[in-house]
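My notebook is open and the structure is loaded. I'll jot down what I look up as I go.

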Amino acid sequence: MDVVSDAISAVHLGHPWFHRVRTGGSWRARLDPYDGAGFHVVLKGNCWLLTDGGASVSLGVGDAVLLPHGTGHVIADSPVDAAVVAQKAVPFEQWLAETGPRARPDRDGTEMLCGKYWLDCSRMHPLMAELPEVVHLPSRVGSHLELRAAIDLLAGELDERRPGSCVALPNLLDLLLVYMIRSWMTETTSGAWPGALGDPVTAAALRALHSKPAAPWSNDRLAAEAGVSRPTLARRFTTLVGRPPMAYLAWWRVILAATLLRDTQETLATIAGRVGYGSPYALSHAFEREFGTTPGRYRAQATGRSASSTNPQPTSKQADIGDSVRRRLPQSS
């Protein structure tokens, strides 16, 4: 696998939670902080987003926004400030439960896809960790073509009940996450990891390590794979990634082991072989040094976290994944 795929797979839990929402009038809704990444896609109309950190973003038709660290925020029909939000914002889940569906959508209203990706934040890859509080990807002609295509496909699946929608929608939403992160990487002027993956030497070394993490890598062998001398690889890799190649590999092997402990029932011995350790004892020692707990305890805790995140209690309206949720928020006073 490649670095971005591995970074997402290492923390991704289950299927996304989402609602398709049609709103009208004057409205404000709040989502509290959570372990995951929030997203909104504006399909019609416009709205405003205000985070707990004070970031304010105007969203128009076709805009996508990702909150990769589960930051608490408010979405509203117009610009809002913190004082107004504290008084008048309606909790998002309460709004969904208390406001009933309308017979006809509002022609002048706003239509959005709102949701969350469940993430295990206990072992975030630094690529994911350095994402900003808000990733705003405005709709512009000729930009983010893959992201625009994914949004169009999502809208099409939501507009019509088609065979296979219950499979297509979650997978399109996972694809949306990949495209949002990819789009951020092509646009950002800051961040170490876009630079690391844009450097041919460092990128080649990272591809090799992520493709074959269990291989008997050495600095010399990795330098040959990248086509440079050992000192050149060490200098460029360490500068861009933040740690030497073999230190990064040791860290990634333990993170990969944690993913396998969470997602499979494989024995510790099998996992040790898959991630490049000669024995379960060697892996256990490295694992406890990184996580402060044994692999067995970690597996038990991770299984509990995964179950609670991947099986949220759905409302009756969530049960049919293909249905639109048509709602009007209460008029603000």
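**Entry 1**

I started with V254, which sits in helix α11, covering residues 245-263. I'm keeping in mind that this is a predicted model.

Is V254 buried or exposed? I looked up its relative accessible area and got 3%. V254 is buried, because that value falls under the 20% cut-off.

Next I asked which residues V254 is in contact with, leaving aside its neighbours within four places in sequence. My list reads Y277, A286, F287, E290 and F291.

I also checked V254 against R123, which is 131 residues away along the chain. Their C-alpha atoms are separated by 9.9 Å.

**Entry 2: The whole chain**

Time to zoom out. I looked up the secondary structure of the protein chain and found 15 helices and 11 strands.

The chain has 333 residues, and 50% of them count as buried. V254, at 3% relative accessible area, is one of the buried residues.

Then I turned to contacts between residues at least 6 apart in sequence. Of these, 76% join residues at least 24 apart.

For the surface, I noted that the protein chain exposes about 15100 Å². Carbon and sulfur atoms supply 53% of that area.

**Entry 3: A sheet of five strands**

In what order do the strands of the open sheet come? I wrote down β5-β4-β7-β2-β8, with mixed pairing. The edge strands are β5 (56-59) and β8 (90-91), and each of them pairs on one side only.

Strand β2 takes in residues 28-31, and strand β7 takes in residues 73-76. The two run antiparallel, with four bridges joining them. One detail I checked was L31, whose bridge partner in β7 is H73.

**Entry 4: Cysteines**

How many disulfides does the structure hold? My count came to zero.

C114 has a relative accessible area of 1%, so it is buried. C166 comes out at 55% relative accessibility, and it counts as exposed because the cut-off for that is over 50%.

Key:
Residues are numbered from 1 along each chain as its sequence is written. This is a predicted model: local features need pLDDT of at least 70, side-chain atom pairs count only at pLDDT 80 or more; totals for chains, interfaces and linings use all residues. Side-chain values use heavy atoms; hydrogens and water are left out. Buried means under 20% relative accessible area, exposed over 50%, partly exposed in between (1.4 Å probe, protein chains only). Contact means heavy atoms within 4.5 Å. Accessible areas come from the Shrake-Rupley method with a 1.4 Å probe; for residues, only the protein chains shown count as cover. Two strands pair if DSSP finds at least two bridges between them. A disulfide is a pair of cysteine sulfur atoms within 2.5 Å.
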